[in-house]
Amino acid sequence: MTKENLILLADAYKYSHHKLYIPGTQHIYSYLESRGGKFDETVFYGLQYFLKEYLQGTVFTKEKLDEAAVTLKEVFGRDDVFDRSRFEYIINKHGGKLPVRIKAVPEGTVVPVRNVLMTIENTDPECYWLTNFLETLLMQVWYPCTVASLSREIKKIVKHYYDDTASAAAFAGIDFVLNDFGFRGASSVESAGIGGSAHLVNFSGSDTIAGSIFAKRYYDAATAPGLSIPATEHSIVTLLGEPGELEIFKHILNTFPTGTIACVSDSYNIFRACEEYWGTELKEQILSRQGTLVIRPDSGDPVQTLLRVFDILMNKFGFTVNEKGYKVLPPQIRVIQGDGISYSSIPGIFEALKKAGISAENLVLGMGGALLQRVNRDTQEFALKCAYAEVSGKGINVQKMPVEMDANGQLQTSFKKSKAGKLKLVKENGAFKTVGLDEAPALEDLLETVFENGEVTKTWSFDTVRKTAAL
């Protein structure tokens with residue numbers, strides 16, 4: 001795979017910054033944090049991909065510089081913005097490798113918001129401009145961090161309802177409750193790979209194979225961490241029209257007589273499909289299978305549809321009552337809801353089942369665009385800001401502290417206030433805390449050097465990331 005030209009992977013305005021930093025600037029030190037947002041904590045994940053794919057090794061070459069010079073002349077329409085000598089210096093002095101040091105919290109670590117997650121600084125005084133030149137690319141770590149955080153927050157919801165309603169034996173299946181259906185809704189194959197692997201930090205169910213490929217390629221996963229099952233789509237089930245739906249259902253059961261298989265069943269009438277076809281005509285075949293049929297509604301209000309579907313299935317197939325007093329279908333039959341699933345809709349679905357006396361273990365979920373696409377940098381308010389600089393040999397703590405108007409017209413300090421000075425992340429009495437590099441000398445800095453002068457210096461396996469992020 002041909003790598004992108006890193007010289008062109010920055011916001012256009014950054015090419016003027018080598019001139020705009022005050023003369024005598026030698027060192028720029030910046031840090032990444034989640035300033036708040038939807039969730040109170042963030043899973044740090046995905047930096048290793050960007051380091052391996054974009055930053056390691058020789059990334060600046062004469063050929064790439066020539067290409068960049070043409071494009072940037074077109075972008076700015078003038079010759080006094082882009083200075084190729086800055087990049088030629090790195091090519092000649094450092095062999096085209098990046099003279100920067102990046103420290104980060106171990107991947108998979110779950111850190112409360114408003115704490116340092118990563119720092120970056122130049123290691124050559126001539127390359128002070130390089131630190132924040134790399135912001136554009138490195139900031140994109142917001143995406144895997146946010147997907148991993150969202151997925152983990154949903155796992156908290158699932159676990160809550162399992163704690164309340166599911167049998168002890170069912171807990172082994174929690175990792176398969178939320179399935180990634182997001183590949184087709186992702187903005188690119190790369191997004192599907194990054195976001196799909198981020199979901200797999202928390203769950204094992206996925207139809208986004210790109211996520212498993214990323215986990216294997218960049219995190220040394222021994223085998224594909226995303227697992228799936230045979231399943232139908234509407235093009236299969238509707239092939240013989242409405243009169244032929246039952247025949248299609250029979251064919252599906254005959255084709256996979258063992259194991260788990262899912263079948264979309266709302267092509268015409270989900271309730272007839274459950275009552276007359278699955279629950280009557282095919283009932284004995286289903287109950288005699290060595291495996292599970294997972295019925296998929298795919299339209300209508302999720303809560304009302306699921307309540308009626310479960311009512312029909314439990315009348316037709318019977319149920320047991322688990323040790324917590326909730327109804328459970330026979331193991332040969334389950335339901336998957338893959339339509340209208342989001343962080344906001346999931347609690348209402350499980351709460352409705354609970355009120356109806358139905359265990360959460362009867363249901364699994366498929367989540368598409370709301371998992372991989374309905375997030376942005378502001379979901380967790382990610383920012384990368386300069387906190388320290390050296391100018392003419394003098395160290396300076398750098399900070400922004402905006403004053404803003406609140407809704408009542410009163411002045412207040414903005415939540416965008418940044419941190420000042422070199423930082424470290426520590427744990428004090430079991431709680432994460434960001435302090436100055438020279439503060440709390442007895443407490444270990446949890447930020448580790450992961451990249452230095454063109455080389456990735458520390459990596460984490462996907463298995464380790466999963467264990468670190470586990471609830």
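# Surface patch and exposed residues

User: What makes the nonpolar surface patch of this predicted model?

Analyst: Val 403, Met 405 and Leu 411 make the patch, which covers about 350 Å². The model is predicted.

User: Why is Val 403 called exposed?

Analyst: The relative accessible area of Val 403 is 58%. Exposed means over 50%, so Val 403 with its 58% counts as exposed.

User: Where is Val 403 placed?

Analyst: Val 403 is in strand β15, which covers residues 403-405.

User: What is said of phi at Ser 392?

Analyst: Phi of Ser 392 is near 55 degrees, a positive value, and the residue is not a glycine. Most residues other than glycine have a negative phi. Ser 392 sits in the loop between β13 (382-391) and β14 (394-397).

User: How do you know whether Ser 392 is buried or exposed?

Analyst: Buried needs a value under 20%, and exposed a value over 50%. Ser 392 has 58% relative accessibility, so Ser 392 is exposed.

User: Which loop holds Asn 429, and what is its phi?

Analyst: Asn 429 lies in the loop between β17 (423-428) and β18 (431-436). Its phi is positive, about 55 degrees, although Asn 429 is not a glycine.

User: Why does Asn 429 count as exposed?

Analyst: Its relative accessibility is 82%. The cut-off for exposed is over 50%, therefore Asn 429 counts as exposed.

User: How many residues does the chain have, and what percentage counts as buried?

Analyst: The chain has 471 residues, and 51% of them count as buried, with buried set at under 20% relative accessible area.

Methods: Residues are numbered from 1 along each chain as its sequence is written. This is a predicted model: local features need pLDDT of at least 70, side-chain atom pairs count only at pLDDT 80 or more; totals for chains, interfaces and linings use all residues. Side-chain values use heavy atoms; hydrogens and water are left out. Buried means under 20% relative accessible area, exposed over 50%, partly exposed in between (1.4 Å probe, protein chains only). Patches are made of residues with over 30% relative accessible area and no salt bridge: like charges are joined within 9 Å, nonpolar side chains (Val, Leu, Ile, Met, Phe, Trp, Tyr) within 5 Å. Accessible areas come from the Shrake-Rupley method with a 1.4 Å probe; for residues, only the protein chains shown count as cover. A salt bridge is a side-chain nitrogen of Lys or Arg within 4 Å of a carboxyl oxygen of Asp or Glu. Helices (H or I, at least four residues) and strands (E, at least two) are DSSP runs, numbered from the N terminus.
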